[in-house]
Amino acid sequence: MSNSFELKFKATLSNELLARNSLTSFLSPYNLGLDEISEFKTIVSEAVSNAIIHGYKFDSNKYVYMKATIFEDEVEIIIKDYGVGIENVKEARVPHYTSRPDLERAGMGLTIIDSLSDSFNITSIVGVGVKLIIKKKFHPVVING
């Protein structure tokens, strides 16, 4: 049995908090430890901020889409944007690479997501957008439900 939710929100950095809190609220019945919660928050923060900063170049008229699904002891998180896309996904996954050096970004977002997840897939079409599929196992202790 699985459970899921979907969220669509404006591409503004203030909505990064909404995305993080939505996921942690969704996971709250599983009584995760603080370290696991922190890792999930970091994954979502990096993915959402990448969509806003790189995909949409801060165009708050656009939307970011997030879906999370729980399958037994694993969460699948999908973050999508319909922005500029990534020209070279392999290059984008290299630590310290950034498409926005003008913003003094560290270029570690995708590396951080990759290191914290069990599975991380990027699909991109230039001019169409980016879809991240992130899977991470957790240790559920069901409290209710």
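Reply: Happy to! Let's begin with a definition: a residue is buried when its relative accessible area is under 20%, exposed when it is over 50%, and partly exposed in between, using a 1.4 Å probe and protein chains only. By that rule, 41% of the 145 residues of the protein chain count as buried. Please keep in mind that this is a predicted model, in which local features need pLDDT of at least 70 and side-chain atom pairs count only at pLDDT 80 or more, while totals for chains, interfaces and linings use all residues. Residues are numbered from 1 along each chain as its sequence is written, and side-chain values use heavy atoms, with hydrogens and water left out.

Me: How many helices and strands does the protein chain have, and in what pattern?

Reply: Helices (H or I, at least four residues) and strands (E, at least two) are DSSP runs, numbered from the N terminus. Here you can find four helices and five strands. Along the sequence they follow the pattern β-α-α-β-β-α-α-β-β.

Me: Which strands pair with β3?

Reply: The general idea is that two strands pair if DSSP finds at least two bridges between them. Strand β3 (residues 74-81) pairs with strand β2 (residues 63-71) in the antiparallel sense, over seven bridges. Eight bridges join β3 to strand β5 (residues 129-137), and these two also run antiparallel. To see examples, look for Ala68, which stands opposite Ile77 in β3, and for Val75, whose bridge partner in β5 is Lys136. β2 and β3 form a hairpin with two residues between them, and Glu72 in the turn has a positive phi of about 50°.

Me: Is β3 mostly covered or mostly uncovered?

Reply: Mostly covered: seven of the eight residues of β3 are buried.

Me: How do I read the length of a helix such as α1?

Reply: Compare the span with an expected value, which is 1.5 Å times one less than the number of residues. α1 has 13 residues and reaches 19 Å from its first C-alpha to its last, close to the 18 Å expected. α2 has 22 residues and reaches 30 Å, close to the 32 Å expected. Just after α2, Lys57 takes a positive phi of about 50°.

Me: What covers the buried residues of α1?

Reply: The buried residues of α1 include Ala19, Leu23 and Phe26. Their cover includes β1, α2, β2 and β3. Leaving aside neighbours within four places in sequence, Leu23 is in contact with Phe5, Phe40, Val44, Met66, Ala68, Val75 and Ile77.

Me: Which residues have the most contacts inside the largest nonpolar core?

Reply: In soluble globular proteins, nonpolar side chains tend to be buried together. A nonpolar core is a set of buried Ala, Val, Leu, Ile, Met, Phe, Trp, Tyr and Cys residues joined through side-chain atoms within 4.5 Å. The largest one here has 34 residues, and those with the most contacts inside it are Leu23, Met66, Ile77 and Leu132. Elements that each supply at least two residues of this core include β1 (2-10), α1 (15-27), α2 (34-55) and β4 (119-125). The most comes from α2, with seven residues.

Me: Where does Gly109 sit, and is it buried or exposed?

Reply: Gly109 is found in helix α4 (residues 109-116). With 11% relative accessibility, Gly109 counts as buried. Leaving aside neighbours within four places in sequence, Gly109 is in contact with Glu46 and Asn50. The C-alpha atoms of Gly109 and Ala47 are separated by 7.2 Å, though these residues are 62 apart along the chain.

Me: How many aromatic pairs are there in the whole structure?

Reply: Rings of Phe, Tyr and Trp (its six-membered ring) pair if their centres lie within 6.5 Å; planes under 30 degrees apart count as stacked, over 60 as edge-to-face and the rest as tilted. A search of the whole structure finds three such pairs. Tyr30 and Phe138 form an edge-to-face pair, 5.4 Å centre to centre with 75° between the planes. This pair links distant parts of the chain, with Tyr30 in the loop between α1 and α2 and Phe138 in the segment after β5, 108 residues apart. Tyr30 counts as buried at 17% relative accessibility, and so does Phe138 at 2%.

Technical notes
Contact = heavy atoms within 4.5 Å.
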